[in-house]
Amino acid sequence: MSKAGVSQLDFLSSLSLIPGLGPRRLQALDAAGLKTVGDLLYYYPVKYIDRSKQVALKDVSMFRDSVVTVSGTVERVRLEPGRKIRFRIMIRDESGSLEVMWFAGAVYQSKNIKTGDTLFLTGKINHYAKDQMVHPIVEKVGTQSGISPVLAIYSIKETMREAGINQKQLHKSIEWIFKNLKHYPQVLPAAIEQKHEFAPLKECLYNIHLPENFSDIDKYKLRLKYEELYKLALALRWNKRKFALPGYSMTAGGLDKKLRAALPFTLTDSQEQAVKILYDDAAKSSRMHRLLQGDVGSGKTVTALMASLPALNTGRQVAWMAPTDVLARQTHATLQKYLDPLGFGVGYLGGGSSPEKTEILKKLASGELQFVVGTHALFMPSVRFYKLGMIVIDEQHKFGASQRLSLQEKGPQSDFLLMSATPIPQTLAKTLYGDLDTVEIRQPSSRIPVSTHIVPTSKRGDMENFLFERIQNKSRVFYVVPRIEQDEDEEGSSTLRTVDSVAEKLKAGPLSSVPVIRLHGQMSSEEREDAVSMFKNGKHGILVSTTIIEVGVDVIDANVMVIENPEFFGLAQLHQIRGRVGRGDEQSYCFLLPGGLNNEKFLERLNFLRGCHDGFAIAEWDLLNRGPGDVCGSRQSGWDDLKTANILEDAELFREILQETNALFEQTAPALTA
């Protein structure tokens, strides 16, 4: 690279400028989301290793299962061909010797390590037949003075590893950037940097990647954490302002009374409160932008339907989107049942093409059809609305922000209602959804609580006999497993249950005479619909499925749920899965079958779930004990970008930053609206 090129290096410069990164490595980095110099500088280490103390080779047995730094001279090398190529070396110091081995990158290491080399190695000491160090970080240095006492460790994606990118390559690239980069962006206003006495961005980034000690890392992380949250706060405030645009002022009129007369039940007090809030939103001249959340069986669908009435009453259209064909078709059937008495047809739009779909598209474009339920097909350019007034997105966390925006663009003045079936605690919702107003249905459903039991291995036979009795008494059974099939690295595990392994096992036991139907996400939409239909309408039996049944599969006479390997799920998700049963008038049951994980902490989680049927309380418990990822299932766009900040631990800091950005927006409001 020319001197002129180096002098112009900035955060937007391509990684192709860095020596040693050829096309294959650049492609692997691109796949990991690393395209520019700035991307790599914000690719923070996942941990640090203390290398200030070196261990003599004779003492490594004292550090089994621990990461240590050793040094020695290579006295033997051996490349072993086979299905999994191995590269072994033996190093020796004055006190003893140690075998070192590589699988991934074996050929690469064999070309770079020769007999007689003096190496510093940092890695974990494993013990099989003897002590070994596997996949260590290698540095060829003549003296220990060349070894940094603190070593940053990065996440190496599989594609990066296959392209020959290792810890050493990343370190070299980052060191090169710091030697040549002269231009750093001013992300935070100078007044904020001065107020909080933050170190400059360059100093913070350098000490995150190349620290000299552990004591100052947190100080530098704080500035980077603040920067992340500051950018997110600005994004959320801009989003909120974007939705505070002119909308339609709409009222439900006589449709409210007509729908209530058609419902076979009365709304709960909590539903009534939610409907009032949503009606008030619809009556405003600005757009509704709401998140509706509630527990399993709390009546979110009917509440959202009520919120759609103002649009229908004023001659506008409603688009209702669901993430799967199964949920979309079931929602379509439910809404059609309720809207028929009101004189509104409900169209359905799924994937593929058909004469029926073409007809639906024509009726939406002409305004003849006022209500449509669909999947991702609603995003398609061919879907045009005559006068869209309301958008409802069910299971909103399963859609990306760009997907949601593409539907909003079809009706820029339309009201917008997101629904979440997994309750999010207020402490988290106010932070996570800073750009949304929330409305909750908190009142527990009138369902009979599902009787929940933890089944040890010794009692599986008794449980299967119970399932057989229930099926003989006209019950249907959901049987949920965490995997469709085993991954290669899980091969041989006797405790991990899959769709196929469970289905085959059930056919050989007490349940061999009952139908066993399989359902999972790799099946086509037609195959999934057929499987659900067979389970719902055919002979009483068992549906062995992945969590695809978590939403959208309502079967009134299914009153038994079995969940294998509950250790693979958060409590909020287990509660959601459990909610698939208990929809009829009979007592329902949920059996939790732990795999190999039976420690005290895990059993505490299951016991809490067994005794609690309040989704909000369960979500709070999961939030405190496992973190926000398990509560939300999938983070909202923006939170995915956080690398040093923590949504829960830094909630107070984020609220402080929101106040600062609020003040900024208030100061700039006249100019922005001019």
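This note walks through some local features of the structure above, point by point.

1. **Ground rules.** The model is predicted, so local features need pLDDT of at least 70 and side-chain atom pairs count only at pLDDT 80 or more, while totals for chains, interfaces and linings use all residues. Residues are numbered from 1 along each chain as its sequence is written, and side-chain values use heavy atoms, with hydrogens and water left out.

2. **Cavities.** Rolling a probe the size of a water molecule over the atoms shows where empty space is left. Here a cavity is a set of points, on a 1 Å grid over the protein atoms alone, where a 1.4 Å probe fits but cannot get out; its lining residues have an atom within 4 Å of a point.

3. **What lines the largest cavity.** Its lining is made up of Arg76, Val77, Arg78, Arg88, Ile89, Met90 and Glu99. Strand 2 and strand 3 are the elements that give two or more residues to this lining; strands (E, at least two residues) and helices (H or I, at least four) are DSSP runs, numbered from the N terminus. By class, three lining residues are nonpolar, none is polar and four are charged. In this scheme Ala, Val, Leu, Ile, Met, Phe, Trp, Tyr, Cys and Pro count as nonpolar, Asp, Glu, Lys and Arg as charged, and the others, Gly among them, as polar.

4. **Salt bridges.** Side chains of opposite charge can pair when their charged atoms come close. A salt bridge is taken as a side-chain nitrogen of Lys or Arg within 4 Å of a carboxyl oxygen of Asp or Glu, and the count by this rule is 27. Arg78, Glu80, Arg88, Glu99 and Lys130 are joined in a network of such bridges.

5. Arg223 and Glu227 form a salt bridge at 3.0 Å, N to O. Both belong to helix 9 (residues 217–243), where they sit four residues apart, about one turn of the helix. Buried means under 20% relative accessible area, exposed over 50%, and partly exposed in between (1.4 Å probe, protein chains only). Arg223 counts as buried because its relative accessibility is 1%, and Glu227 is buried too, at 2%.

6. **Two further pairs.** Asp281 and Arg290 meet in a salt bridge at 2.5 Å, N to O, and both residues are buried. Arg329 and Glu529 make another, at 2.7 Å. This one links distant parts of the chain, with Arg329 in helix 13 (residues 325–339) and Glu529 in helix 19 (residues 525–537), 200 residues apart. Arg329 is partly exposed, with 39% relative accessible area, and Glu529 is partly exposed at 24%.

7. **A nonpolar surface patch.** Leu79, Ile85 and Val107 form a nonpolar patch on the surface, with about 210 Å² of accessible area together. Patch residues have over 30% relative accessible area and no salt bridge; like charges are joined within 9 Å, and nonpolar side chains (Val, Leu, Ile, Met, Phe, Trp, Tyr) within 5 Å. The areas come from the Shrake-Rupley method with a 1.4 Å probe, and for residues only the protein chains shown count as cover. Ile85 lies in the loop between strand 2 (67–80) and strand 3 (86–92) and is partly exposed at 34%.

8. **Positive phi.** Most residues other than glycine have a negative phi. Asp65 has a positive phi, near 70°; this residue is in the loop between strand 1 (47–50) and strand 2 and is exposed, at 59% relative accessible area. His135, also not a glycine, has a positive phi of about 55°. It sits in the loop between strand 6 (131–134) and strand 7 (137–140) and is partly exposed at 35%.

9. **A buried loop residue.** Where is Thr546 placed? Thr546 is in the loop between strand 19 (542–545) and strand 20 (558–564), and it counts as buried because its relative accessibility is 10%. Thr546 and Val480 are 66 residues apart in sequence, with their C-alpha atoms 5.4 Å apart in space.

Technical notes
1 Å grid on protein atoms, 1.4 Å probe; cavity = no way out; pocket = protein on both sides within 12 Å on 5 of 7 lines; lining within 4 Å.
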